[in-house]
Amino acid sequence: LSPSASPVAGRYYQLEELEDREDCTTQLFLAPDGSVGFGRTDGPPHLSAAGSWECGEGTSGEFTMVVDRVYKTGCPSKKSTDMGDFTFVVRRRFRGGVGR
């Protein structure tokens, strides 16, 4: 099923994530072209974010989504032993079913 024909396309969703004892909610838009748009989040602020999704055919299509977020942390190095500031990417893959 092409993303544009999927019943989940062109809609906003709230992604609720739980990691250890921390939880956050992020607004997502599943665009008809298969990309993911990112809205407000109460989680850690990211520098950038990108994602893609697809939904299989059938009465209970398999839904998959990949989300990449880029974060920056640390402080400029003052000593040779300091880590300094750096960026890193967190990739999450989600898979499940979509009832129709």
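Student: By class, how many nonpolar, polar and charged residues does the lining of the second largest pocket have?
Tutor: This is a predicted model, in which local features need pLDDT of at least 70 and side-chain atom pairs count only at pLDDT 80 or more, while totals for chains, interfaces and linings use all residues. Residues are numbered from 1 along each chain as its sequence is written, and side-chain values use heavy atoms, with hydrogens and water left out. Ala, Val, Leu, Ile, Met, Phe, Trp, Tyr, Cys and Pro count as nonpolar, Asp, Glu, Lys and Arg as charged, and the others, Gly among them, as polar. By these classes, the lining of the second largest pocket has no charged residues, one polar and nine nonpolar.

Student: Which element gives the most to the lining of the second largest pocket?
Tutor: The pocket (an open set of 1 Å grid points that fit a 1.4 Å probe, with protein on both sides within 12 Å along at least five of seven lines, its lining residues having an atom within 4 Å of a point) has a volume of about 180 Å³. Its lining consists of V8, Y13, Q14, L15, L28, L30, F63, M65, F94 and V98. At least two of the lining residues come from each of the strands (DSSP runs of E, at least two residues, numbered from the N terminus) β1, β2, β5 and β6. The most, three residues, come from β1.

Student: Which element gives the most to the lining of the largest pocket?
Tutor: The largest pocket has a volume of about 290 Å³, and of its 16 lining residues E19, C24, P44, Y71 and R92 are the closest to its centre. Two or more lining residues come from each of β1 (11-19), β2 (22-30), β5 (60-73) and β6 (86-99). With four residues, the element that gives the most is β2.

Student: How many residues of the lining of the largest pocket are charged?
Tutor: Residues E19 and R92 are among the closest to the centre of the largest pocket. By class, the lining holds five nonpolar residues and four polar ones, while the number of charged residues is seven.

Student: How far apart are the closest N and O atoms of R69 and E17 in their salt bridge?
Tutor: A salt bridge requires a side-chain nitrogen of Lys or Arg within 4 Å of a carboxyl oxygen of Asp or Glu, and by this rule the count comes to five. R69 and E17 are both buried (under 20% relative accessible area, with exposed over 50% and partly exposed in between, for a 1.4 Å probe and protein chains only). The pair links strand β5, which holds R69, to strand β1, which holds E17, across 52 residues of the chain. The closest N and O atoms of R69 and E17 are 2.9 Å apart.

Student: Is R92, which forms a salt bridge with E17, buried or partly exposed?
Tutor: The closest N and O atoms of E17 and R92 are 2.7 Å apart. Because E17 lies in strand β1 and R92 in strand β6, the pair ties together parts that are 75 residues apart in sequence. E17 is buried, at a relative accessible area of 8%. At 24% relative accessible area, R92 is partly exposed.

Student: Which residue in strand β6 pairs with D68 of strand β5?
Tutor: Side chains of opposite charge can pair when their charged atoms come close. The salt bridge of D68 has an N to O distance of 2.7 Å. Since D68 lies in strand β5, the pair ties together parts 23 residues apart in sequence, and the partner in strand β6 is R91.

Conventions:
Grid points are joined across faces, edges and corners, and a volume is the space filled by probe spheres set on the points.
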